[in-house]
Amino acid sequence: MEHLRLLLEGLAAGPVCLVRVESTQGSVPRESGTWMAVFADRLVGTIGGGHLEHQAIAEARRRLSGMPASGAGPLRFALGPALGQCCGGVVHLAFELLTAADAPTLAERLAPRRHPVALFGGGHVGHALARVLAPLPFALTWIDSRDGIFPQPAPSGVACEHSDPVQMAVPGLAPGTRVLIMSFSHAEDLDVVAACLRRQRERQDLPFIGLIGSKTKWATFSNRLHGRGFAQEELAHVTCPIGIPGITGKEPEVIAVAVAAQVLRTLGDGGGATSG
């Protein structure tokens, strides 16, 4: 979204050539839909760097200067020895000259797909995680029961929500939301987990429920959730502790990176995508 903002701001001052990955084959640096804006004196975004990007910039600036295009329609680039790259794939790039008159439609055309994430908890790890998640392809809702807990201003694009009791926010989450639970108290954590499991029982639309903690904490929670009527197969929906394995640091920033990487990995499931 920051790249889109910079593109729109720059477009007000003059024309730009939009370079977009139209289609790909094999191993390539960026996926279809990735774009880069080439101005006469600067760039916004990237299509993967290297010689591919160097040639794309040269082609875009040739068109900006009024020179004829190198070909009609999307141009084909094979990522082999001729480009000094060894990915082995093929990228088709579309080039489009834009002016200020195109600005009204660009937000809809270029805004990235964003997957809803709900982060429960505004403690040290929550703050670090919100900063990490904000620039990633997530629509982040940050929830806490306490007043004055969120930074001012909040990270760009993050929606902050006060909910007391905090678990009452769960029924209103967007379908496909990935839930991260790290409130200031174990009692709140337990209530949010229970609310998520009730929603799973009714709708089956939360692709990931992650709880910060330890194996010991989860053993205690499992016993208490059994007491609330949840079966073992329902408890299997919860991942605790969260974070990709093998990262042992306890610093908030380290935990945040491990958790963000785990949530990114769930996007391969293909569920819960919304337009941002």
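Helices here are DSSP runs of H or I with at least four residues, strands are E runs of at least two, and both are numbered from the N terminus. This is a predicted model, where local features need pLDDT of at least 70, side-chain atom pairs count only at pLDDT 80 or more, and totals for chains, interfaces and linings use all residues. Residues are numbered from 1 along each chain as its sequence is written, and side-chain values use heavy atoms, leaving out hydrogens and water.

Let's start with two helix pairs. Axes are lines fitted to C-alpha atoms, for helices over the stretch in contact, and angles run from 0 to 180 degrees between N-to-C directions.

| Helix pair | Angle | Axis separation |
|---|---|---|
| Helix 4 (residues 124-133) and helix 8 (residues 252-266) | about 50° | 8 Å |
| Helix 1 (residues 2-11) and helix 3 (residues 103-110) | about 165° | 11 Å |

That angle makes helix 4 oblique to helix 8. Helix 1 and helix 3 are therefore roughly antiparallel. For the cut-offs, under 35 degrees is roughly parallel, over 145 roughly antiparallel, 65 to 115 roughly perpendicular, and the rest oblique.

Who touches whom? Taking contact as heavy atoms within 4.5 Å, Leu4, Leu7, Leu8 and Leu11 of helix 1 meet Ala103, Leu106, Ala107 and Leu110 of helix 3. By class, that contact has eight nonpolar residues, with no polar and no charged ones. On the helix 4 side of the other pair, the residues include Val125, Leu129 and Arg131, while helix 8 brings in Glu253, Ile255 and Val259, among others. That contact has ten nonpolar, one polar and two charged residues. Here Ala, Val, Leu, Ile, Met, Phe, Trp, Tyr, Cys and Pro count as nonpolar, Asp, Glu, Lys and Arg as charged, and the others, Gly among them, as polar.

Another cis bond joins Asp164 and Pro165, with omega about 5°; Pro165 is in the loop between strand 8 (159-162) and strand 9 (178-181). Gln204 has a positive phi, near 55°, despite not being glycine, and lies in the loop between helix 5 (186-203) and strand 10 (208-211).
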